[in-house]
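These questions and answers walk through one model step by step. Look over the sequence and the structure first, and keep both in view.

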Amino acid sequence: MLIIHYYCGTIQISQKEINLEKLQRIASTGIPEGGNLRATVWKLILGYLPPSRDLWEKELSENRKKYAKLKEELLLTPSELARMKEEAFQSNEHNNAHSDTAGPLIRHEISHEDHPLSLGKASVWHQYFEHTEIAEQIDRDLQRTHPEMKFFSGESSFGRKHRESMRNVLLLFSKLNPAIRYVQGMNEVLAPLYYVFSTDTDEKNASNAEADSFSCFVLLLSDSVDHFCQQLDNSSVGILSTLSRLSDLLKANDEELWRHLEFTSKVKPQYYGFRWITLLLTQEFNLQSILRIWDSLISSPFGIQEMLLRVCCAMLLCVKSRLLSGDFAANLKLLQHYPEINIEHLLQVAQDLTPDTSYYRMSS
Amino acid sequence: MVLVLAIGDLHIPHRAPDLPPKFKSMLVPGKIQHIICTGNLCIKEVHDYFKTLCPDLHITRGEYDEDSHYPENKTLTIGQFKLGICHGHQVIPWGDLDSLAMVQRQLDVDILVTGHTHQFKAYKHEGGVVINPGSATGAFSSFTYDVNPSFVLMDIDGLRVVVYVYELIDGEVKVDKIDFKKTATASAH
C-alpha cells in the first residue's frame, strides 16, 4: 500500500501542472517518508510553491533572495551595518593613506542616534538592544526544543547550526510582527517545518531550509497568528473564541462527554486546549506523530484551523471512557499529558466528525 | 561586535560626587561586554557600580585609589586585539606620548588605555594606538581645572575598532567617532 501511495504522490508532483486537489487528498492519508515528498507537498499545499512546476525555480530563487535581503536589513548588528555602509563609500587609496600616518586620530562628529548608548527610539542601536532580550528568550526555548533529538539539541556544530537558523527565523518574525513579536512555543511550531525542509534529499532545498521554513512558518500561521496575541484573547479572532468552537464541536458530536467535561468535572477547554491549538499540537505528540498529523492539517479541505479543531475533538473522543470516569484533577492531568495513541485512528475519528454548524454560520 | 567601555579618573568622592546624570542615564547594563578602567575611582562604591554595568571589569591602580591591590598594569585580549591598561601616573613625563609608546611596546599590545591627564586623547604611533578616555566626572587634574567629563566606548569588530568618544560640553553630550583598523600582518614583535 505504501509503495503505491508513494508512487501516486510522486506522479502527482512530477506533473507539469499539479492538481492540488488530488494532491491534498493523497496527502491527507499520510505522506510517506523518504525522498523529498513531504517537503515538496507541504510547500505546494501551503502555497509556497506554485502548482506549475516550470515556475518553481524562479519562485524559490526569488523568495530565497528576499529572505536574505530581510536578514541583511533586520538581523545584522549595527556594527556590521555601519561597516558595510562604510566599505561601500571608502576607496582603497583613502584607507592606505589613513593607516600609515602616525599622530592624533581623526574625530568625526556623529548624531545622537548613531552610537551604541543611544536611547533614541529611532536609533538602530537602541532597537538592536531591545531585541537582544527577545533573542535571549528564543535561545533559551531553542535549547529545550526536542531535546531528545540530535538534530535540534547537542553541542555539535550540526545542532548549533540548526538552532542558529531557527533563531534567525524566529527573530526575523518577531521584528516583522511587532504586535506579537515572539511568544514561547513558536519555536515548537517552527521545528517540524524546519526539520522536514532540512532533511530534504535535494541538497539545494536542504541548504535553503532556513529561508523556506521562514516563509512557510508565516503561511502556516496566517490564519491563527492572532491566537498568540493576548490582547485579542476575548475577541472573535482570539483563542477563547476558537476554544468555544471546540466546545461546540464536541457538543455536536458527543453531548454526553461534553456535559461531563463542562459541567460534571468542570474541565473547560482553556485548561487543556490553549496549548493544543496555539501550538498546533506540537507539544502533545512526538515529532513523527506531529508530521503525520500535520499532513492531515495542512492538506485538509476544511483548512488548517478547522481540521485542528476536529483533531482536538477527536483527541477528547478517543479517551472518552477515561474522561467519563475521571474527576477534575484526573481529567486535567490526562489532557495535559495526552497518552500515546494510534494516530491513524485519531485522524480517522477527526475526519468522521459531524461538522460544527456554528462554523458554517460564521463563514457565510 | 564587542562593546568595551574605557573609563577612569572619576576621583569620587574627593574631587567629584558622582558621574554626570546625562552619562549615568546612558550607561545601562546589558550593552557593554567589558569595562576597562584606568584607575582613580577612588572608592569601592564606584567599583560596585561598574560591576552592575558589566561583570567583566578590569582596573589598574591610580595613585589615589583606596584599593591598593589593583595591579599597576594589565593586559587582555578581546577578539583580534590585545589591550593594555595603565593609569599613567607612573609614566614620566606624565602624558608624554613617547614614554607611553614605550610602555605600550613593553606590554606588547595593540591598544594602550591610559589616564591621569584627564584629557581625552586618541593617538596612533608605530607600536599601536593610545587612548586616554579622560575623566568621566570632569574632576580637576594636576594640570588644570578646566576638564570636560568624558569616557570612551570601543566597538571591536574583527580587525576594526570604532571608538565612540562621549564628552559633556556645556551641559550637552557630544559624541564623536574614530575609526581604525589593524592590518593582519601588524605587531611583528
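Helices (H or I, at least four residues) and strands (E, at least two) are DSSP runs, numbered from the N terminus. This is a predicted model, in which local features need pLDDT of at least 70, side-chain atom pairs count only at pLDDT 80 or more, and totals for chains, interfaces and linings use all residues; side-chain values use heavy atoms, leaving out hydrogens and water. Residues are numbered from 1 along each chain as its sequence is written, while chains are lettered from A and ligands numbered from 1 in the order in which they are written.

Q: How many helices and strands does chain A have?
A: The C-alpha trace of chain A spans about 85 × 50 × 45 Å along its principal axes. In chain A the secondary structure comes to 20 helices and two strands.

Q: What share of the residues of chain A count as buried?
A: A residue is buried under 20% relative accessible area, exposed over 50% and partly exposed in between (1.4 Å probe, protein chains only). Chain A has 364 residues, and the buried share of them is 49%.

Q: Among contacts in chain A between residues at least 6 apart in sequence, what percentage join residues at least 24 apart?
A: Contact means heavy atoms within 4.5 Å. In chain A, contacts are counted here between residues at least 6 apart in sequence, and the share that joins residues at least 24 apart is 68%.

Q: What distance separates the centres of domain 1 and domain 2 of chain A?
A: The bounds come from an automatic or database domain assignment. For chain A, this assignment gives domain 1 (35–76 + 123–222) and domain 2 (230–356). Across the boundary, 18 residues of domain 1 of chain A are in contact with 14 residues of domain 2 of chain A. Taken over C-alpha atoms, the centres of domain 1 and domain 2 of chain A lie apart by 27 Å.

Q: Which two residues touch the most other members of the largest nonpolar core?
A: A nonpolar core is a set of buried Ala, Val, Leu, Ile, Met, Phe, Trp, Tyr and Cys residues joined through side-chain atoms within 4.5 Å. The largest such core has 98 residues, and the two that touch the most other members are W294(A) and V311(A).

Q: Which helix of chain A gives the most to this core?
A: Domain 1 and domain 2 of chain A each supply at least three residues to this core. The helix of chain A that gives the most, with 11 residues, covers residues 304–318 and is α16.

Q: How many residues are in the second, separate core?
A: Members of the second core include W125(A) as well as L3(B), I43(B) and V173(B). The number of residues in this second core is 35.

Q: Is R160(B) buried or exposed?
A: R160(B) sits in strand β10 (residues 160–169) of chain B. Not counting residues up to four places away in sequence, R160(B) touches S79(A), R83(A) and E86(A), along with F81(B), D155(B), D179(B), F180(B) and K181(B). Because the relative accessibility of R160(B) is 5%, this residue counts as buried.

Q: Which strands are included in what covers the buried residues of α3(B)?
A: In α3(B), the residues S99(B), L100(B), A101(B), V103(B), Q104(B) and L107(B) are buried. Just after α3(B), D108(B) has a positive phi of about 55°. The cover over the buried residues of α3(B) includes, from chain B, β4 (73–78), β5, β6 (111–114), β7 (121–125) and β8 (128–132).

Q: What is the omega of the cis peptide bond between I92(B) and P93(B)?
A: Chain B also has a cis peptide bond joining I12(B) and P13(B), with omega about 5°. P13(B) is in the loop between β1 (2–7) and α1 (21–26) of chain B, whereas P93(B) is in the loop between β5 (81–86) and α3 (97–107) of chain B. For the bond from I92(B) to P93(B), omega is near -5°.

Q: Is K266(A) buried or exposed?
A: K266(A) lies in the loop between α13 and α14 of chain A. Its phi is near 55°, a positive value in a residue other than glycine. Because the relative accessible area of K266(A) is 53%, this residue is exposed.

Q: What is the relative accessible area of R181(A)?
A: R181(A) is found in the loop between α8 (157–176) and α9 (186–198) of chain A. Although R181(A) is not a glycine, its phi is positive, about 55°. R181(A) is partly exposed, with a relative accessible area of 34%.
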